Amino acid sequence: MRVWKIISHDDITAVPDEMAIARLSYDCHFLASNSDKKNLQIASFNQDNFKYKVKAIGYYHSLPIFDIKWSPIPGYLATASADCTIIIWRVEILKNVDGDDLINLHIVRRLCGHHKPINTINFSKNGTMLVSAGQDATVIVWNVLNGKAMRKYRQYVKPVTSAVFDPHGQFIVSTSTDGYYRITFLNGPKSNRMSYIVARYRLMFVQISPNGRYLLFSDHAGRLVLVDYENEKQVRQFVRAKEETVIPGEFAFAAPNYVVHGNGNSTGITIAHCNTGDTVEKIQTDSPVLTIDINNLHKVGVAGLQDEQLVFFRIP
């Protein structure tokens, strides 16, 4: 039987209602979250009992943090903010005389290139590139090692809501509130970019399956749309809610073949089989889900809720 647990965020610092973000490090030893809207908070994390303890707080964004992502390169992560900047952080881990972790946060560099708030960021598989999606209708691919913008794409007329790399680093997929998604090949000519429309609704998030075969989109009407990248056909839909407009909560692929998502304006987390769409398990929550992060190596997930709580759960 799966162990799962709701732990109040009150004993740390309140997470804002509009954006409760929590991300697990690749080794599952640390939890990054946003506190007091604009601060980065790093806590040690025990995956056996789901307990965490704050070790460091970074105060260098002037407006709320909209996304946090750990780098595949150990000891680094990035934050994106409404202040139009991205900060690359180095997490220095030390030990005190009792053997407990001590953490120092260092700013490696600040990335400036958007002129409106940044919605999401994602690292490439090797951690050397970062892609950002902005409300200025721009997608920027960054060289993390020197902080320079490698490519800047102005492909939309409305805000870009998300952008991710494919597992092989050959292209990025981005979504916009204009209802389009785009596949952009990083090393090809401009004519090598493709564009498809999925729905008349605003597209909110996109994820690529670990094997690179499937694209999963969410829209503002409560649907998750699974698309086969190879033949460009829709495979199925996961209906999260029946409301006309829903909370655009995140979702994630989970190994070996699951999709984990919230349920729109309703409470709860659903784990569904990617191939069949069948529900594997439902986890009750006290309020709607805003963010979801899955550590596939350790089969642990964390969801940030609208009521400032975190839910930890295990993947089958």
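**Note on the salt bridges**

1. Arg-23 pairs with Asp-67 in a salt bridge, with 2.7 Å between the closest N and O atoms. The term salt bridge stands for a side-chain nitrogen of Lys or Arg within 4 Å of a carboxyl oxygen of Asp or Glu. This is a predicted model, in which local features need pLDDT of at least 70 and side-chain atom pairs count only at pLDDT 80 or more, while totals for chains, interfaces and linings use all residues. Residues are numbered from 1 along each chain as its sequence is written, and side-chain values use heavy atoms, with hydrogens and water left out.

2. Arg-23 sits in strand E2 (residues 22–24) and Asp-67 in strand E6 (residues 65–70), so the pair links distant parts of the chain, 44 residues apart. Strands (E, at least two residues) are DSSP runs, numbered from the N terminus. Both Arg-23 and Asp-67 are buried, meaning under 20% relative accessible area, against over 50% for exposed and in between for partly exposed (1.4 Å probe, protein chains only).

3. Arg-23 also forms a salt bridge with Glu-250 (3.0 Å, N to O). Because Glu-250 lies in the loop between strand E21 (233–239) and strand E22 (251–254), and Arg-23 in strand E2, this pair ties together parts that are 227 residues apart in sequence. Glu-250 is buried, as is Arg-23.

4. Arg-213 and Asp-228 meet through their side chains in a salt bridge (3.1 Å, N to O). Arg-213 is partly exposed, at 39% relative accessible area, whereas Asp-228 is buried at 5%.

5. The search of the whole structure finds four salt bridges. Shared partners join Arg-23, Asp-67, Lys-69 and Glu-250 into one network.

How values were computed. Helix = DSSP H or I, 4+ residues; strand = E, 2+ residues; numbered from the N terminus.
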